[in-house]
Amino acid sequence: MTDIDDVFDDVQDAATDFLNAEGRNVAHVVLGVAITVGFALAATAFARRTIRPRPEHLTETDAPITERPRGSLSLILPAVFSATTLSAVRVWNAPRAPERNMAMGLWAAAQALNAVWIAMRPASRGLQIAAAMSSAGMAAAFAHEARKLDARAGKLAAPVGGQVALANMVQKKTEGQATLH
């Protein structure tokens, strides 16, 4: 029985560390997860349902915006949203401060902006550049503010570094463990 208790303690310690939840009550942490995941899902739902493509800008080969991305994009988008959402949970669990409010506001704005760009599906080169630059800028602004509160949250939120940091963390946890094939 001690082995099971030790495993549960290790899992709880790892989750507390990962979520930056040291000293926070469970209700606060659960609320933060619900808010960040809920907002990310709401932004995605907004992008899929609210804004419709303008037929004059679409060709017969264009897929509807409600269709899931295919190919490498289908692998990248969930990782981006997951890394920024996990970072936002860490920021949420940081001590209450104006900087935390600023970081959470930037995160929400970045999620909303990304949802709008995904929904609009810009076709012209200029709009595609604007989408990429504004999304990267918002992600960088959030990462900068998040880093002020929690270095790990800032690294997770970095536009490219977040995915690498998340992948490295998962790999580190799984190294040396047996796998079933």
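User: Which residue does lysine 148 form a salt bridge with?
Analyst: Glutamate 145. The closest N and O atoms are 3.1 Å apart. Bear in mind that this is a predicted model.

User: How far apart are lysine 148 and glutamate 145 in helix H5?
Analyst: Three residues. The two are therefore separated by about one helical turn. In general, an α-helix has 3.6 residues a turn, so residues three or four places apart point the same way.

User: Is glutamate 145 buried or exposed?
Analyst: Buried. Its relative accessible area is 13%, and the cut-off for buried is under 20%, so glutamate 145 qualifies.

User: What else is buried in H5?
Analyst: Ala131, Ser135, Ala139, Phe142, Ala143 and Ala146 are buried along with Glu145.

User: How many residues does H5 have, and what does it span?
Analyst: H5 covers residues 125-149, which is 25 residues. From first C-alpha to last it reaches 36 Å. That is close to the 36 Å expected at 1.5 Å a residue.

User: Back to charges. How many salt bridges does the structure hold?
Analyst: Two. The other pair is aspartate 150 with arginine 90, with the closest N and O atoms 2.6 Å apart.

User: Where do aspartate 150 and arginine 90 sit?
Analyst: Aspartate 150 is in the loop between H5 and H6, and arginine 90 is in helix H3. They are 60 residues apart, so to speak a link between distant parts of the chain. Both aspartate 150 and arginine 90 are buried.

User: New topic. What makes up the largest nonpolar core?
Analyst: It has 12 residues in all. Among them are Ala88, Val91, Trp92, Met104, Leu106, Trp107 and Phe142.

User: Which elements give two or more residues to this core?
Analyst: Helix H3 (72-92), helix H4 (98-120), H5 and helix H6 (151-157). H4 gives the largest share, four residues.

User: Where is the other core?
Analyst: Apart from the largest one. This other core has five residues, including Phe18, Ala21, Val29 and Val89.

User: What is phenylalanine 142 in contact with, neighbours within four places aside?
Analyst: Thr84, Ser87, Ala88, Val91, Ala103, Leu106, Trp107 and Ala157.

User: Now the surface. Which residues form a nonpolar patch there?
Analyst: Val33, Val37 and Leu41. Together they have about 230 Å² of accessible area.

User: Where does valine 37 lie?
Analyst: In helix H2, residues 26-49. Valine 37 has 36% relative accessibility, so it counts as partly exposed.

User: Zooming out, how many helices and strands does the chain have?
Analyst: Seven helices and zero strands. From the N terminus on, the order is α-α-α-α-α-α-α.

User: How much of the chain counts as buried?
Analyst: 29% of the 181 residues. The accessible surface comes to about 11600 Å². Carbon and sulfur atoms account for 63% of that surface.

User: And what share of contacts join residues at least 24 apart?
Analyst: 67%, among contacts between residues at least 6 apart in sequence.

Technical notes
Residues are numbered from 1 along each chain as its sequence is written. This is a predicted model: local features need pLDDT of at least 70, side-chain atom pairs count only at pLDDT 80 or more; totals for chains, interfaces and linings use all residues. Side-chain values use heavy atoms; hydrogens and water are left out. The expected span of a helix is 1.5 Å times one less than its number of residues. Buried means under 20% relative accessible area, exposed over 50%, partly exposed in between (1.4 Å probe, protein chains only). Patches are made of residues with over 30% relative accessible area and no salt bridge: like charges are joined within 9 Å, nonpolar side chains (Val, Leu, Ile, Met, Phe, Trp, Tyr) within 5 Å. Accessible areas come from the Shrake-Rupley method with a 1.4 Å probe; for residues, only the protein chains shown count as cover. A salt bridge is a side-chain nitrogen of Lys or Arg within 4 Å of a carboxyl oxygen of Asp or Glu. Contact means heavy atoms within 4.5 Å. A nonpolar core is a set of buried Ala, Val, Leu, Ile, Met, Phe, Trp, Tyr and Cys residues joined through side-chain atoms within 4.5 Å.
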